[in-house]
Amino acid sequence: MTTENAIIEMRNVTKRFLLPQGEVTVLEDISFTANEGEFITLVGPSGAGKSTLLRLMSGLMQPSAGEIYYQGKSQVGMNPECAMVFQNFGLLPWLTVAQNVELGLEPRQKDPLKRREVVNRYISKVGLEGYEEAYPRELSGGMKQRVGLARALAVEPSLLLMDEPFSSLDVLTSINLRNELLDIWSDRDNVVNTMIMVTHNIEEAIELSDRIIVLSNRPGRIVGDIKIDLPRPRRKRDKGFIEYVDRVFSLLA
Amino acid sequence: MDSSSSEGDKRPQQSLPEIGISQILGLVELLLGKGGREDIYKLAGELSMELGETLTVIRAAEMLGLVHTPGGDVVVEDFGVKVIDATIAERKDLIREKLEQLPVFKSVRDFLKREEDAEVTREEVLEKLAELLPNEDAETSFSTVVSWGRYAELFGYNDDSQTFYLDV
């Protein structure tokens with residue numbers, strides 16, 4: 001179903017890879033729509049093709065069958081409206097924080113002064129002021145992922161894709177970053193408000209998202225699309241939280 | 001709790017735990033989700049962290065005035081609630097005010113102010129830290145001073161030139 005505010009729509013998307021042992025279907029007949037303003041998480045066992053699905057949405061990979069529509073138009077090639085946040089931050093160690101954030105902007109904004117302005121805006125948005133000239137080696141994991149996030153936000157995408165952004169952080173740091181991500185998501189001040197995140201952490205998915213799309217093991221098929229109807233902020237011991245955990249688990253089992 | 005005093009300073013100097021600001025904020029957020037109070041031993045178990053490691057994070061949060069630790073519990077202070085309720089940008093200002101009161105940060109900042117025209121090098125700050133916290137590993141204290149100081153924009157540090165400067 002195409003709704004007016006659909007950001008991305010997957011229509012019967014299948015992805016196969018040719019491996020030495022033959023052709024492997026990683027994703028099969030994936031159909032769903034992400035609407036503007038939604039926070040969606042993709043959960044599933046490892047090998048369910050969650051990361052492949054993100055790469056298809058960003059245009060880094062093309063589907064073997066089916067179609068992807070972005071804001072109502074058929075998507076071919078790289079999608080410049082998407083930005084990605086990676087599990088291992090994807091920072092260049094020889095560049096400073098500001099230079100890492102600026103990296104994705106260079107092809108889009110030719111004026112270096114304007115580029116600096118954008119860089120500073122997003123550095124401040126994620127709480128990295130003061131770290132501009134630090135190198136990744138000088139940063140904690142939490143600060144490194146803030147750089148990854150600032151770099152993605154700086155291209156002012158209409159869709160933010162995140163591939164397990166908290167899974168290489170310690171427990172406390174990830175609590176802090178999840179809360180700050182929600183602050184950014186709900187901030188209506190010209191920041192992207194449609195987010196799709198891959199996670200293997202079910203509680204994290206329930207805490208953050210409006211919808212959880214559950215994928216089965218290889219080939220990945222959608223086995224559940226669950227709306228999380230709980231007020232935010234959400235805590236594990238809230239009424240209803242555990243019921244959602246059980247529901248997602250039962251679909252994965 | 002290990003602390004040491006330096007000559008000419010009445011207040012004992014607290015060692016600086018090597019803990020990032022994100023972890024400290026995460027701890028306070030976690031505690032607030034539990035109504036603001038938790039048993040330390042239970043908390044360590046729940047976080048699957050070593051008790052010693054948990055205590056180090058708690059001590060860091062306590063230094064910043066975010067929590068206090070009556071008995072075996074850790075309790076969020078009003079200031080902790082204020083910091084978490086603040087925006088990402090406001091948090092820096094609040095933490096900055098606290099850091100300015102901590103003897104180590106105060107000394108480093110005073111040192112930078114005195115040397116305003118000269119460049120203050122990494123070596124000089126390391127020496128200063130060794131003097132202030134004689135029982136601690138100066139390199140460890142150094143990395144915490146740099147990371148908390150940067151977060152609060154108390155001073156800047158450039159690792160290429162290995163020099164400190166005051167933010168204008």
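View 1. Y70(A) faces K73(A), a residue of β5(A). Strand β4(A) and strand β5 (residues 73-74) of chain A are antiparallel and share two bridges; strands pair if DSSP finds at least two bridges between them. Two residues lie between the strands of this hairpin, and Q71(A) has a positive phi near 45 degrees. Strands (E, at least two residues) and helices (H or I, at least four) are DSSP runs numbered from the N terminus. This is a predicted model, in which local features need pLDDT of at least 70 and side-chain atom pairs count only at pLDDT 80 or more, while totals for chains, interfaces and linings use all residues. Residues are numbered from 1 along each chain as its sequence is written, with chains lettered from A and ligands numbered from 1 in the order in which they are written.

**View 2. Strands β1 and β4 of chain A.** Strand β1 (residues 6-19) runs antiparallel to strand β4 (residues 65-70), and five bridges join them. T14(A) has A65(A) as its bridge partner in β4(A).

**View 3. The largest nonpolar core.** This core has 70 residues, of which M57(A), A150(A), L160(A), L161(A) and I196(A) touch the most other members. Helix α4 (residues 141-154) of chain A contributes the most, seven residues. A nonpolar core is a set of buried Ala, Val, Leu, Ile, Met, Phe, Trp, Tyr and Cys residues joined through C-beta atoms within 7 Å; buried means 20 or more other C-beta atoms within 10 Å of the residue's own, with C-beta atoms placed from the backbone.

**View 4. Surroundings of I196(A).** Beyond its neighbours within four places in sequence, I196(A) has contacts that include A34(A), I40(A), L54(A) and L159(A); a contact needs C-beta atoms, placed from the backbone, within 7 Å.

Definitions and conventions: Buried ≥ 20, exposed ≤ 12 C-beta atoms within 10 Å, placed from the backbone. Contact = placed C-beta atoms within 7 Å.
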